[in-house]
Amino acid sequence: MAETFDPVLGGQQLAGSDPVMGGLVAIEQDLASPDLEVRIRAIEEALQYGEKGAQLVIQTVMQKGLAWKVQFAAWKKLLESADPELVQVAKAHPLPLRKVEDIQARYRAGERDFRWADLRGASLGRPDLSGADLRGADLGKGERGGAACLYQADLSRSDLSWANLSEVYLEGANLSRANLKAARLSRAKLSRANLSAAYLGEADLEGADLRSANLSRAYLRGANLDNANLTEADLSEANLEGVNLRQANLRGVNLSRIRQACLRGSNLSGANLNGTYLRGVDLSEASLAQTYLRGLDLSGANLSGANLRGANLKQANLRAANLNGANLSGADLSQADLSGANLSGADLSRVSLEGSLVSAETQMDPKWRLVWEIVNGQADVKNLSGADLRAADLRGANLEGADLSGADLQEADLLNVSLKGANLTGAKLSPGWDRFADLSGAILPDGTIHP
C-alpha cells in the first residue's frame, strides 16, 4: 500500500490521506501545548497551510488570557506576513500590553527586553534602565494614547541612556534632568512632556511628537529631530547646536531663546518655520536648503556660511543679517529687506532680487550689486560693456538700448528681458538664450542685427 509523508508530523500515512490536514491537526495540538516554545514553533509554521493556518494564527492573536509571549509571536507573524490582508488584521488588533510587576528588579537581574510592557501607574522612582528595550511600552497612568494621558510616570533624573523608547507613550511625562543620551525615541509620544534640563545629546527623535513639550535648558547637541513635531515647544536655553531638524514642524517656536541663540551647523532643510521667531539667531553653517522662510524676521541673524540654496526668503526681514559666504543660489529674495546686511562672498547666482531693499550699508560683491541695480531699474544700462552677469537672475529687466558688448551672460535668466536695440557684440551667452528675450533691433553677438 502506497504511503505518504506528512511535512509536519513526519512518519507514514495511508495513501489518499491529506498531508495538509494532518499538518493542521498537529499545529492545533501544538498550540494547546503547555510548552510555550512548542506553541511558538507551531505559529511559525501555521501560515504554510494557507487560509486555515492563517485563521489559527488570527485566533491566537484574539484569544484572551493567553500567554503574552505566544500572543506576541502570533501578532508579529501576521504583521510580517507577505499577505496584506493579514498585515491589516495585525494592525487592526494591536497587541495587548504585558504586565511587568517590578521592572527594576528584573533589570538588575539582567533582563533588558521590556517591549510592550504595561507600566501604567508603576512606581519607578529614579530607575537606571540604560540600554533597556521599551518599544511600544506604556509608562502612563491613563488610557494608552487617549486624551486622559495627563498624569504620566515620573522618570525625572532617571538613566535611560541608549534605551530604546521608540513609539513609547510618554505624553505629559516628567523626564526632567533625565539622561537620554543616544536614546532611541523615534515616533515617541512626548507631547506636553517635561524634558527640562534633560540630556538628549545624539538622541534619535525622528518623527517624535513633542508638541508643547518643555525642553527648556535641554541638551540636544547632535540629536536627530528629523520630521519631529515641535509645535509651540519651549526651547528656551536649550542647546541645539548641530541638531537635525529636517522637515521638522517648529511652528510658533521662539528660537531666539535657545542657548546663546545657537543653531550653528543644524539641519533645518524643509522645516516648517511658520510663525517661528528667528531674530538674532545663530544659524551659521546651518542647512536651510529649499526651506520656506517667506516673511520671517531674521534681522540680526547669523547666516554666515549657511546653505540657503533654493530657499524662499521673499519679503523676509534680513536687516543687519550676516550672510557672509552663504549659498543663496536659486533663492528668492524678492521684496526682502537687505538693508545693512552682509552678503560679502555670498553665492547669489540665479537669485531673485527684484523689489528687495538694499542700503548703502549693505555689503555685496560688486557683481551682485550691479545685478540688483539692473533688476530694480537703478543701473546705467548704457555702460554695461564687459559686465560679469553670469548666472544672474535678470527676469523682467529693462535692458533696452543697453551696451552689453563683451558682457558675460552665460547661464543668466533672461526670461521676458527687453533687449530692444541692445548691443550684444561679442557677448557670451548660453545656448538657447534668444528664445526668452525681446531682441527687436538688437545687435547680436556675431554682429548681425535682429529683425
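**T60**

I began with T60, which is buried at a relative accessible area of 6%; buried means under 20%, exposed over 50% and partly exposed in between, with a 1.4 Å probe and protein chains only. Before going on, I noted that this is a predicted model, where local features need pLDDT of at least 70, side-chain atom pairs count only at pLDDT 80 or more, and totals for chains, interfaces and linings use all residues. I also noted that residues are numbered from 1 along each chain as its sequence is written, and that side-chain values use heavy atoms, with hydrogens and water left out.

I found T60 in helix α3, residues 50–62. Helices here are DSSP runs of H or I with at least four residues, strands are runs of E with at least two, and both are numbered from the N terminus. Setting aside residues up to four places away in sequence, I listed L31, I43, L66, V70, Q71 and A74 as touching T60; contact means heavy atoms within 4.5 Å.

**L323**

Next I looked up L323, in the loop between β4 (117–118) and β5 (342–343). L323 is buried too, with a relative accessible area of 2%. Beyond its neighbours within four places in sequence, its contacts include L303, L308, L318, N342 and A346.

**Whole protein**

I then stepped back and counted 7 helices and 8 strands. Of the 451 residues, 50% are buried. Among contacts between residues at least 6 apart in sequence, 14% join residues at least 24 apart.
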